[in-house]
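Thank you all for coming.

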Amino acid sequence: MNRKKVENLLTSVEDETVRKSIVDGVMGLYGDSIEAKDTKIATLENDIKVKESLIDDLNTKIKEADKVDIEAIKKEQYDLGKADGSKEVEAFKQNSALEKVLSSYKAKDNDVLSKMIDNSKLEFEVKEDGTYEIKGLEEQIQNLKENKSFLFGDKEEKTIDLGVDHSTQAPTNDFAFNFTPIHPKEK
């Protein structure tokens, strides 16, 4: 809006001071509305720049994601899981073989004996028939037999004699007490 055009529109107002005041008020209002529009335009332009930047970042991430071979990752994770599972199966087989061998040493309690064995000193070798040869066990067993001989021996059931023979039926009225019943039977 042009100041001169507004003054020309107000030629009918004869007082110069009033006309100048009206023109200043109209120009101020017009300036305020222009400033508000300019601020809004600047804000919208800034929002567009931020969104364009975000879109560029996302497009870059999409391009990077396209480079990732999902099938290779799936296969790698499958192979890792399979290897971990194989390790667990192998550990189970080794523990079973160790338990079987320990039972041949006639320990009184195989669970206690197995806890006394240092597994880090054992070496498991798979034989052709699929069974295991355990190296390092014999030395540990001999050491335990020498130092903790109470762990080994025959598993025998011990009975404690309490002085009572429970194999025969207890005699009836051995004491020969002749009690009179409280309520004698009627004759």
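Before the charged pairs, a definition: a salt bridge here is a side-chain nitrogen of Lys or Arg within 4 Å of a carboxyl oxygen of Asp or Glu. Please keep in mind that this is a predicted model, in which local features need pLDDT of at least 70 and side-chain atom pairs count only at pLDDT 80 or more, while totals for chains, interfaces and linings use all residues. Residues are numbered from 1 along each chain as its sequence is written, and side-chain values use heavy atoms, with hydrogens and water left out.

By that definition, the whole structure holds five salt bridges, and I will show you some of them. Lys75 pairs with Asp79, their closest N and O atoms lying 3.1 Å apart; because the two are four residues apart in helix α3, about one helical turn separates them. For accessibility, buried means under 20% relative accessible area, exposed means over 50%, and partly exposed is in between, with a 1.4 Å probe and protein chains only. On that scale Lys75 is exposed, at 52%, whereas Asp79 is partly exposed, at 34%.

Glu71 is exposed at 52%, and Lys74 is partly exposed at 49%. Elsewhere, Asp118 and Lys121 form a salt bridge at 4.0 Å, N to O; Asp118 is partly exposed at 30%, while Lys121 is exposed at 58%.

What does Glu90 touch, once residues up to four places away in sequence are set aside? Counting contact as heavy atoms within 4.5 Å, Glu90 touches Val126 and Tyr132. Glu90 itself lies in helix α3, which covers residues 70-103, and is partly exposed, with a relative accessible area of 30%. The side chains of Glu90 and Tyr132 are joined by a polar contact of 2.3 Å. A polar contact is a pair of N or O atoms within 3.5 Å; within protein, one must be able to donate a hydrogen and the other to accept it, and residues adjacent in sequence count only if both atoms are side-chain atoms.

In helix α2 we find Arg19, which is buried, with a relative accessible area of 18%. The side chain of Arg19 makes a polar contact of 3.0 Å with the side chain of Glu16, and, leaving aside neighbours within four places in sequence, Arg19 is in contact with Glu7, Leu10, Val13 and Glu14.

Now the overall layout. The protein has five helices and two strands, running α-α-α-α-β-β-α from the N terminus. Of its 187 residues, 11% are buried.

Finally, confidence: pLDDT is the predictor's confidence in each residue, from 0 to 100, and its mean for the protein is 82, with 82% of residues reaching 70 or more. Confidence is lowest in helix α1 (residues 3-9), at a mean of 78, and highest in helix α2 (residues 16-67), at 90. Where pLDDT is low, the predicted coordinates should not be read in detail.
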